[in-house]
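Subject: Handing over the structure

Hello,

Here is the structure I promised to pass on to you. Please have a look at it first, and then read on for what turned up.

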Amino acid sequence: MRLVLLGPPGAGKGTQAKRLSQHFGVAHISTGDILRVNVRQGSPLGKEAAGYMDRGELVPDALIIRMVEERLHAPDCQKGFLFDGFPRTIPQAEALDALLDAQRQPLDRTVNIVVPDEVLVERATGRRTCPACGAMFHIRFDPPRQAGICDQCGAQLVQRQDDTEETVGNRLRVYHQQTAPLIDYYRRKGLLAEVDGRQTIDAVEEAILAALRG
Ligand code: AP5
């Protein structure tokens, strides 16, 4: 199973990727998560990426492609993988095609999670994440049992630095300019499935599983 999850910021890619990677037993590759780990560790990649991320802009393609190529060589990718937040530009998609062609492992499907902009701002600004175990919550749509505390490990939840209203607005503009063209790119290849991301988290998962079966 080799999948790409497409969708604007806050559409639910990370939420669904966690569930689907467990369901199918494949690696979950989130370029955003890999970048955030690098920023926290202060690695050269993290230092270069941090400014772009804080402004809600895309990190340059060359850095991302090198990072993904390395990740794809990890043993856990042999059974398959699910990309969340990658590719984000046409050059990234072309580079991914070239990498997978060289391994004779083409993509099986791309699922676009469709959510209108007005819903996305509330999704992103209300998101809270656990810095210790990576669990994700939403203050309104998926609240933790005790406000501000992770259900799974008890750590204090945090808000992502790029989840302010202003930066989310910029991320949405960048999405429409640079990432939305990928919808046609994958449609033309006959790989695209679209699901309505306004439903509940469980219903979106069901819709994705149905689209993958169909
Ligand atoms: P990244 O981390 O990839 O962020 P994003 O694409 O902007 O997506 P998000 O993580 O914000 O949202 P999501 O769709 O995963 O939604 P989630 O499941 O969390 O990228 C961050 C930055 O890194 C970029 O801006 C860029 O700078 C850089 N970057 C990363 N990849 C790059 C690349 N390939 N190229 C260049 N730069 C790159 O859900 C959001 C909230 O909504 C949560 O609170 C969740 O609980 C809630 N929720 C989810 N589903 C539902 C639902 N169905 N109903 C109600 N609430 C829901």
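What does the accessible surface of the protein come to, and what percentage belongs to carbon and sulfur atoms? The surface is about 10900 Å², and 49% of it belongs to carbon and sulfur atoms; areas come from the Shrake-Rupley method with a 1.4 Å probe, and for residues only the protein chains shown count as cover.

Some background before the rest. This is a predicted model, in which local features need pLDDT of at least 70 and side-chain atom pairs count only at pLDDT 80 or more, while totals for chains, interfaces and linings use all residues. Residues are numbered from 1 along each chain as its sequence is written, and side-chain values use heavy atoms, leaving out hydrogens and water.

**Overall build**

The protein has nine helices and seven strands (DSSP runs numbered from the N terminus: helices are H or I with at least four residues, strands E with at least two). With a radius of gyration of 16 Å, close to the 17 Å that the globule rule gives for 214 residues, the protein is as compact as a globular protein of that length. That radius is taken over C-alpha atoms, and the rule is 2.2 Å times the number of residues to the power 0.38. Along the principal axes, the C-alpha atoms fill a box of roughly 45 × 40 × 35 Å. Of the 214 residues, 47% count as buried (under 20% relative accessible area, with exposed over 50% and partly exposed in between; 1.4 Å probe, protein chains only).

**The cores**

The largest nonpolar core has 30 residues, and Leu35, Leu72, Phe81, Phe83, Leu96 and Tyr186 touch the most other members. Such a core is a set of buried Ala, Val, Leu, Ile, Met, Phe, Trp, Tyr and Cys residues joined through side-chain atoms within 4.5 Å. Helix α4 gives the largest share of this core, five residues. Not counting residues up to four places away in sequence, Leu35 touches Leu45, Ala49, Met53, Val59, Ile64 and Met67 (contact means heavy atoms within 4.5 Å). Another core, of 21 residues, lies apart from it and includes Ala11, Ala17, Ala124 and Val195.

Pro181 lies in helix α8 and counts as partly exposed at 35% relative accessibility. Leaving aside neighbours within four places in sequence, Pro181 is in contact with Ile90 and His176. The C-alpha atoms of Pro181 and Arg88 are separated by 9.2 Å, although these residues are 93 apart along the chain.

Enjoy exploring!

Best wishes
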